[in-house]
Amino acid sequence: MCWESTQKVQHLCKRLEVKANSMHLPNSEDIVFDAPEQTKWFTEREKEIVNIEKCLPLNERRELKMAAICGLGGCGKSTLASYFAWKRKQEYEGGVFWFSMEDDRKFESSVSDLALRLGIEANSFDLTLPKLLMWITKLEKPCLMVLDDVDQLKLSEQMHMILSGRWKRRACGHILLTTRRESREVFNSVDLEQSSCVEVFSFSKEEAKRFLRVRCGATSTGKEVE
């Protein structure tokens, strides 16, 4: 009975060893794409997209550039950032990472979720965030980090770390903020040039009409009037 038990344990250990060797452990070359799903109702905003691309050009230099989408709540900042991420998906070979900055809880949750998927989550958030940022600095290809809803009047120490920490010196790619703050306020609070802030306003009357026609499916002449 002892011999049989030993054989079973050895067999189980061998199976676990084979399974462990076959497991895929994340590394800095794994591609992550965390942007929200595309909306089929996205219209207009061609000028804003061009302006974002001017602020965030892709070149061969290993550097990290930052830009912001500024505008009132509900004007489509997050949707615009998502559209930009999907449009440039193939060019961000290092991946696209989406972090909610609406409040400390959501920020910690989005960071921890990504770290958990990559297998680099630490015992505390104060250790997980630096570990994740270090992982990002090791990416050989450019990445995009979207910091969504940077609206709090007083940002936490961890939020300041991701916005202006020393890790940025070694990273490659772009950071794109969405915020309700005015461009001059962004310039003062997160050390970002006003020329790198893309203002988003409500639709003009004609833009609103076109959006409404597309959204309602009223593209034929007969339905347009109705």
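1. Arg-88 belongs to the loop between α3 (77–87) and β2 (95–100); helices (H or I, at least four residues) and strands (E, at least two) are DSSP runs numbered from the N terminus.

2. Leaving aside residues up to four places away in sequence, Arg-88 touches Glu-53, Leu-56, Pro-57, Leu-58 and His-174, a contact being heavy atoms within 4.5 Å.

3. His-174 is also the residue in β4 opposite which Leu-144 stands. Strand β3 (residues 143–148) runs parallel to β4 and is joined to it by 5 bridges, with pairing defined as at least two bridges found by DSSP between two strands. Strand β1 (residues 64–70) is likewise parallel to β4, through 7 bridges, and Ala-68 stands opposite Leu-177 there. Of the 7 residues in β4 (residues 173–179), 7 are buried.

4. Across the whole chain there are 9 helices and 5 strands, and 39% of the 226 residues count as buried. Among contacts with a separation of 6 or more, 77% come from residues 24 or more positions apart.

5. On conventions, residues are numbered from 1 along each chain as its sequence is written, and side-chain values use heavy atoms, with hydrogens and water left out. Since the model is predicted, local features need pLDDT of at least 70 and side-chain atom pairs count only at pLDDT 80 or more, whereas totals for chains, interfaces and linings use all residues.

Terms used:
Buried means under 20% relative accessible area, exposed over 50%, partly exposed in between (1.4 Å probe, protein chains only).
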